[in-house]
Amino acid sequence: VGDTEAIVKKYDCGYVLADFTEQDYKEAAKQLLNNKTRYEKNCEVTAQSCFSLEDGIAKYHHVYGLFS
């Protein structure tokens, strides 16, 4: 949804299904299990980089400042 695929690929924090077939789900499970430690570490970095509440507030404040 939205930029989720780009974020997951950029930050190497998970696996994006190519399709919704049984084989794709098996591959996703395999990738998640084989890369669990790396994905966990990268998920934390991704959350801090992309979804920080403080950064979001600052960005909204900047945007609203442009209109006042």
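Glu22 is exposed in this predicted model, where its relative accessible area is 56%. Its side chain meets that of Lys26 in a salt bridge, with 3.2 Å from N to O. Lys26 is partly exposed, at a relative accessible area of 48%. Both residues belong to helix 2, and because they are four residues apart there, about one helical turn separates them.

**Salt bridges**

Searching the whole structure gives four salt bridges, and the one between Lys26 and Glu22 is among them. Another joins the side chains of Glu40 and Lys36, at 2.6 Å from N to O. These two residues are in helix 3, again four residues apart, or about one turn of the helix. Glu40 has a relative accessible area of 46% and is partly exposed; Lys36, with 48%, is partly exposed.

A further salt bridge is formed by the side chains of Arg38 and Asp12, also at 2.6 Å from N to O. Asp12 sits in the loop between helix 1 (4-11) and helix 2, whereas Arg38 is part of helix 3, so this pair ties together parts that are 26 residues apart in sequence. Arg38 is partly exposed at 37% relative accessibility, and Asp12 is partly exposed with a relative accessible area of 29%.

| Salt bridge | N to O distance |
|---|---|
| Lys26 and Glu22 | 3.2 Å |
| Glu40 and Lys36 | 2.6 Å |
| Arg38 and Asp12 | 2.6 Å |

**Asn35 and its polar contacts**

Arg38 also takes part in a polar contact: its side chain and that of Asn35 are joined at 3.0 Å. Asn35 is located in the loop that lies between helix 2 (22-34) and helix 3 (36-50). Is Asn35 buried or exposed? Its relative accessibility is 13%, and because the limit for a buried residue is under 20%, Asn35 counts as buried. A polar atom of the Asn35 side chain lies 2.8 Å from the backbone oxygen of Gln31.

**Aromatic pairs**

Two aromatic pairs are found in a search of the whole structure. In one of them, the ring centres of Phe20 and Tyr25 are 6.5 Å apart and the planes make an angle of 40°, so the pair is tilted. Phe20 is exposed, having a relative accessible area of 64%, while Tyr25 is partly exposed at 44% relative accessibility.

The aromatic pair of Tyr60 and Tyr64 is stacked, with 6.0 Å from centre to centre and 25° between the planes. Which helix holds Tyr60 and Tyr64? They lie in helix 4 (residues 53-66), and because they are four residues apart, about one helical turn separates them. Tyr60 and Tyr64 are both exposed.

**A nonpolar surface patch**

Helix 4 also contains Val63, which is partly exposed at 37% relative accessibility. Together with Leu66 and Phe67, Val63 makes up a nonpolar patch on the surface. The accessible area of these three residues together is about 350 Å².

Definitions and conventions: Residues are numbered from 1 along each chain as its sequence is written. This is a predicted model: local features need pLDDT of at least 70, side-chain atom pairs count only at pLDDT 80 or more; totals for chains, interfaces and linings use all residues. Side-chain values use heavy atoms; hydrogens and water are left out. Rings of Phe, Tyr and Trp (its six-membered ring) pair if their centres lie within 6.5 Å; planes under 30 degrees apart count as stacked, over 60 as edge-to-face and the rest as tilted. Buried means under 20% relative accessible area, exposed over 50%, partly exposed in between (1.4 Å probe, protein chains only). A polar contact is a pair of N or O atoms within 3.5 Å; within protein, one must be able to donate a hydrogen and the other to accept it, and residues adjacent in sequence count only if both atoms are side-chain atoms. Patches are made of residues with over 30% relative accessible area and no salt bridge: like charges are joined within 9 Å, nonpolar side chains (Val, Leu, Ile, Met, Phe, Trp, Tyr) within 5 Å. Accessible areas come from the Shrake-Rupley method with a 1.4 Å probe; for residues, only the protein chains shown count as cover.
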